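Please open the model in your viewer and keep the sequence panel beside it.

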Amino acid sequence: MAARDIFHEAVRRALEKEGWQITHDPLFLQTGGVEMYIDLGAENLLAAEREGEKIAVEIKSFVQASALYEFHLALGQYRNYELALGKEEPDRRLYLAAPADIYDRFFTLQFIQEALAYNQVSYFIYEPDNEVIVKWKK
């Protein structure tokens, strides 16, 4: 099993604050002879607009020197997880979780926005210190 991201607990608490019930920590998938661990699996049973919705969350901190390099890794991982979820749990939407400071200085760049749209990445932005989600993008 992979090591947890440094903001794992902050993201977990932020999701719980929004009414998500953590169902898997981590979410284990096995498909095509490969085992994968997505950071979190959750369901929202409370909010009317999200009732019964299931998600999987891959948490990224982007703390390395090159945000672009980490983005390349995260995007590849996201695409592989998305493929596996489509086979094993097609009713679960995958989200990439990134910290607000990275969103402000990197995710807002034109090319990164184009790459996210082109690859149809669903993501949310979290504030690790306050343990809140500040933006959702499907």
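A nonpolar core is here a set of buried Ala, Val, Leu, Ile, Met, Phe, Trp, Tyr and Cys residues joined through side-chain atoms within 4.5 Å, and buried means under 20% relative accessible area. The model in view is a predicted one, and every stop should be read with that in mind.

**Whole chain**

Begin with a cartoon of the protein, which has 4 helices and 8 strands, and follow the elements from the N terminus on, where they run α-β-β-β-β-β-α-β-α-α-β-β. The radius of gyration is 14 Å, close to the 14 Å that the globule rule gives for 138 residues, so the protein is as compact as a globular protein of that length. Along the principal axes, the C-alpha trace spans about 35 × 35 × 30 Å. If you colour by accessibility, buried residues make up 46% of the 138 residues; the protein exposes about 7,500 Å², of which carbon and sulfur atoms supply 49%. Among contacts between residues at least 6 apart in sequence, 59% join residues at least 24 apart.

**The largest core**

Next, select Ile38, Phe71, Phe107 and Tyr123, which touch the most other members among the 28 residues of the largest nonpolar core. Strands S2 (27-31), S3 (34-38), S6 (92-99) and S7, together with helices H2 (67-88), H3 and H4 (110-118), each supply at least two residues of this core, and H2 gives the most, with 8 residues. In soluble globular proteins, nonpolar side chains tend to be buried together.

Now centre on phenylalanine 71 and display what surrounds its side chain: leaving aside neighbours within four places in sequence, phenylalanine 71 is in contact with Phe62, Phe106, Phe107, Ile112, Ala115 and Leu116. A second, separate core of 15 residues, including Trp20, Leu40, Ile55 and Ile133, can be shown in another colour.

**The aromatic cluster**

Which residues do ring pairs link into a cluster? Select Phe62, Phe71, Tyr103, Phe106, Phe107 and Tyr123, which are the residues linked in this way; a search of the whole structure finds 14 aromatic pairs. In one of them, the rings of tyrosine 103 and tyrosine 123 have their centres 6.4 Å apart and their planes at 35°, so the pair is tilted. This pair links distant parts of the chain, with tyrosine 103 in helix H3 (residues 100-107) and tyrosine 123 in strand S7 (residues 123-127), 20 residues apart. Tyrosine 103 is buried, with a relative accessible area of 15%, and tyrosine 123 also counts as buried, at 2%.

Phenylalanine 107 is buried, with a relative accessible area of 0%.

Finally, select glutamate 89 in the loop between H2 and S6. Is glutamate 89 buried or exposed? At 18% relative accessibility, glutamate 89 counts as buried, the cut-off being under 20%. Show its side chain together with that of arginine 92, as a polar contact of 2.7 Å joins the two side chains. Leaving aside neighbours within four places in sequence, glutamate 89 is in contact with Leu27, Leu29 and Ala84.

Terms used: Residues are numbered from 1 along each chain as its sequence is written. This is a predicted model: local features need pLDDT of at least 70, side-chain atom pairs count only at pLDDT 80 or more; totals for chains, interfaces and linings use all residues. Side-chain values use heavy atoms; hydrogens and water are left out. Rings of Phe, Tyr and Trp (its six-membered ring) pair if their centres lie within 6.5 Å; planes under 30 degrees apart count as stacked, over 60 as edge-to-face and the rest as tilted. Buried means under 20% relative accessible area, exposed over 50%, partly exposed in between (1.4 Å probe, protein chains only). Contact means heavy atoms within 4.5 Å. The radius of gyration is taken over C-alpha atoms; the globule rule is 2.2 Å times the number of residues to the power 0.38. Accessible areas come from the Shrake-Rupley method with a 1.4 Å probe; for residues, only the protein chains shown count as cover. A polar contact is a pair of N or O atoms within 3.5 Å; within protein, one must be able to donate a hydrogen and the other to accept it, and residues adjacent in sequence count only if both atoms are side-chain atoms.
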